Amino acid sequence: MTVSSALGVDTNVFLSDDSNDPRQTPRSSTFTQTNINATVGTDSGRTQRFGWTVRGMHRHYFRFGEADKLFADSALAYRYALAPSLLLGIIQTTSYARMQLLDTEGNTLPRERFVSYSGEARGYAQVLAGHSLLTAGAGIRRKDINEVADQGPLTFRSLDHRGYFTYADAAYRLQAAEFELGYEYGVTQYDELQVTARDGSADP
């Protein structure tokens, strides 16, 4: 497990436009960022391999604490060597995100906190041929926006979505040089829920 911390300066915390409007003037703040990364698993030389990786990141702004961010990921991976040159695997990833919803002036939106959970499952096959590695796979994704206590529903609840994807990747390594080419095709389906105005009434 590794834990690291960094101290830095963000010169435009709210991603404001540098225009003549004084409310849009970029504002800066010193921040600390903590990263955590932990991995456990079986020996890579075995026919079957299992691994679990956990990553997390927290950023705290000293001047604008309302802009703090927290992200966390957990990935479970299983790989089986069907033959020395053919590997099959599956990866399950779960993610968590928490941040404030702020406009470019630093004001919190009607719903102050944004909390989301997302999951992804993918399966793949890898073929090793000399210096080449060919990968093909597919998977599904889903993301849910969590309702926060004492907060109204999101104005645009269609942020919730689900979908599927397929991908292919080819890599070729020759001594110190490596060439890689990849392609991914995905389809996303958004939940079609009625949009509401700020006061909770249905938008026309």
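Which residue in β8 is the bridge partner of A136?

Reply: The bridge partner of A136 in β8 is A168. The model is predicted, so local features need pLDDT of at least 70 and side-chain atom pairs count only at pLDDT 80 or more, whereas totals for chains, interfaces and linings use all residues. Residues are numbered from 1 along each chain as its sequence is written, and side-chain values use heavy atoms, with hydrogens and water left out.

The strands come first. Secondary structure elements are DSSP runs numbered from the N terminus, with helices (H or I) of at least four residues and strands (E) of at least two. Two strands count as paired if DSSP finds at least two bridges between them. Strand β7 (residues 132-145) pairs with β8 in the antiparallel sense, over 12 bridges. On to β9, the bridge partner of A168 is Y183. Strand β8 (residues 161-174) and strand β9 (residues 177-190) run antiparallel and are joined by 14 bridges. Next along, D169 stands opposite G182 in β9. The hairpin of β8 and β9 has 2 residues between the strands, and Q175 there takes a positive phi near 55 degrees. In a regular strand, side chains alternate between the two faces of the sheet.

Charged side chains also connect this region. A salt bridge requires a side-chain nitrogen of Lys or Arg within 4 Å of a carboxyl oxygen of Asp or Glu, and the count by this rule comes to 5. E120, R122, R141 and E184 are linked in a network of such contacts. E120 forms a salt bridge with R122, their closest N and O atoms being 2.9 Å apart. The side chains of E120 and R141 meet in another, at 2.8 Å from N to O. That pair links distant parts of the chain, with E120 in strand β6 (residues 108-129) and R141 in strand β7, 21 residues apart. The side chains of E184 and R141 also meet in a salt bridge, at 3.0 Å from N to O. Because E184 lies in strand β9 and R141 in strand β7, this pair ties together parts that are 43 residues apart in sequence.

E120 is buried at 17%, whereas R141 is partly exposed at 34% and E184 is partly exposed at 42%.

R141 has a further contact. A charge sits over a ring if NZ of Lys or CZ of Arg is within 6 Å of the ring centre and within 35 degrees of the ring normal. The charged end of R141 sits over the ring of F165, 4.1 Å from its centre. Elsewhere, the charged end of R59 sits over the ring of F31, 4.0 Å from its centre.

F31 also belongs to an aromatic pair. Rings of Phe, Tyr and Trp (its six-membered ring) pair if their centres lie within 6.5 Å; planes under 30 degrees apart count as stacked, over 60 as edge-to-face and the rest as tilted. A search of the whole structure finds 3 aromatic pairs. The rings of F31 and Y61 have centres 5.8 Å apart and planes at 55 degrees, so this pair is tilted. F31 lies in strand β2 (residues 29-41) and Y61 in strand β3 (residues 48-61), so the pair ties together parts that are 30 residues apart in sequence. Both F31 and Y61 are buried.

Strand β2 also holds N37, which counts as partly exposed at 30% relative accessibility. The C-alpha atoms of N37 and M1 are separated by 5.7 Å, although these residues are 36 apart along the chain.

Notes
Buried < 20%, exposed > 50% of the residue type's maximum accessible area, 1.4 Å probe, protein only.
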